[in-house]
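Take a moment to look over the sequence and the model that follow. We will then walk through the fold together, one region at a time.

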Amino acid sequence: MPLIQVNGVDIHYHMQGKGTPIVFLHPPCIGSRVFTYMRNDLSQDHKTVLFDFRGHGRSGSSHAPITIPLLAEDVRQLMDRLDISKAYLCCYSMSSVVALQALLSYPDRFLGGIFLGGTAELTGWKSRAKLKAGVWAGKMRAREIISIPLAWVNADNRETFHRIRGETRSGDIENWRQYMESGLAYSAVNRLKDIHQPMLLLCGQKDKEFKGYMKVLQNGLANFSSAYIPGLKHTLPIDGAEPIGDLVRGWLNAQKRQREDFQPAAMREERQQVAFTALPSDQQDLDAQEPYYH
């Protein structure tokens, strides 16, 4: 993963694949490696962008205090540097507040959002208690108290555990604390109505706390699809990468078809003629059977 100067900080990023861009946003303390399985899958037919927020993973430390608006600005400027005009955001857990801030601040830059256990505001006692414990550990400079549990929860094997733990060891613990504190104070609940891009909301069937957060998103957003992933709790990027990849791919294809349907009639007719002559009959039948996400 190379480094690129973004908004005054060296940002560690990885770009892979071709097609519609998907930019992945990670929660506090842990880095972008948590999306490795999803990147490997979705980069087969999309452009995937993984990067570590300032002060996380192998990105440089932030001299300015980390806030949710600052991280959203970093996302926009990273896209500028990578010459990406528009993209989908894929966020996990508390990074959903960064995604919401980016969607609200720069609506013309984002095609939509994919939320994996997302929230518009952290109100549950359990998630707030965990973050407050992380803030306390950050003040005490107790890196291992944060890194070991995070790596353990988000790892499906020994190698993943060591890789994620190594990534957390590389970050700036003071910046972690700032990210957590800013997330605890953030709320986009009253502004969800201002987000008009399509959203895909996914939650583990056994994730009781984030099911409540998902209902808030469903009640506030105007344009969304949602699904619960059977048998899973909160760690969707690791434990649910395969079924989630299929859901995301189907939903993105549906959004692409909807955008194309809004093209002028002449352009739409030309596109349909090209698609018809380019596909063999058996492929057309397969396309006709694709599930439609709305």
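Before we compare two helices, we need a way to describe their directions: an axis is a line fitted to C-alpha atoms, for helices over the stretch in contact, and angles run from 0 to 180 degrees between N-to-C directions. Keep in mind, too, that this is a predicted model.

With that tool in hand, look at helix α2, residues 68-81, and helix α3. These two pack at an angle of about 70 degrees, and their axes are 8 Å apart. Angles of 65 to 115 degrees count as roughly perpendicular, and α2 and α3 are therefore roughly perpendicular to each other. Their crossing is right-handed. Which residues of the two helices meet? From α2 come I68, P69, L71 and A72, and they meet V97, V98, Q101 and A102 of α3. Sorted by kind, the residues of this contact are seven nonpolar, one polar and no charged.

Let us stay with α3 for a while. Eight of the ten residues in this helix, which spans residues 96-105, are buried, so α3 is largely enclosed by the rest of the structure. The buried residues are S96, V97, V98, A99, L100, Q101, A102 and L103. Take S96 as an example: its relative accessibility is 0%, so S96 counts as buried. Leaving aside residues up to four places away in sequence, S96 touches C91, F115, G118 and T119.

S93 has a positive phi of about 60 degrees although it is not a glycine. Is S93 buried or exposed? Its relative accessibility is 14%, so S93 counts as buried. You can find another positive phi at N7, about 55 degrees, and N7 is not a glycine either. N7 sits in the loop between β1 (3-6) and β2 (9-16). With a relative accessible area of 28%, N7 is partly exposed.

The largest nonpolar core has 47 residues, and the members that touch the most other members are V23, L25, F51, V75, L89 and L100. Among the residues that V23 touches, not counting those up to four places away in sequence, are V49, F51, V75 and L89. A second, separate core has 26 residues, including L116, L200, W251 and L252.

Beyond residues up to four places away in sequence, its contacts are F24, L25, H26, L50, C90, Y92, L116 and P237. How far apart are F35 and L236 in sequence and in space? They are 201 residues apart in sequence and 9.5 Å apart in space, C-alpha to C-alpha.

G220 and K193 are 27 residues apart in sequence, and their C-alpha atoms are 5.6 Å apart in space. G220 touches L192 and K193, again not counting residues up to four places away in sequence.

Finally, step back to the whole chain. There are twelve helices and eight strands, and buried residues make up 52% of the 294 residues. Among contacts with a separation of 6 or more, 76% join residues 24 or more positions apart.

How values were computed:
Residues numbered from 1 in each chain as written. Predicted model: local features only at pLDDT ≥ 70, side-chain atom pairs only at ≥ 80, totals over all residues. Heavy atoms only, no water. Core = buried A, V, L, I, M, F, W, Y, C linked by side-chain atoms within 4.5 Å. Buried < 20%, exposed > 50% of the residue type's maximum accessible area, 1.4 Å probe, protein only. Contact = heavy atoms within 4.5 Å. Helix = DSSP H or I, 4+ residues; strand = E, 2+ residues; numbered from the N terminus. Parallel < 35°, antiparallel > 145°, perpendicular 65-115°, else oblique. Left-handed = near helix turned anticlockwise from the far one by under 90°. Nonpolar A, V, L, I, M, F, W, Y, C, P; charged D, E, K, R; others polar.
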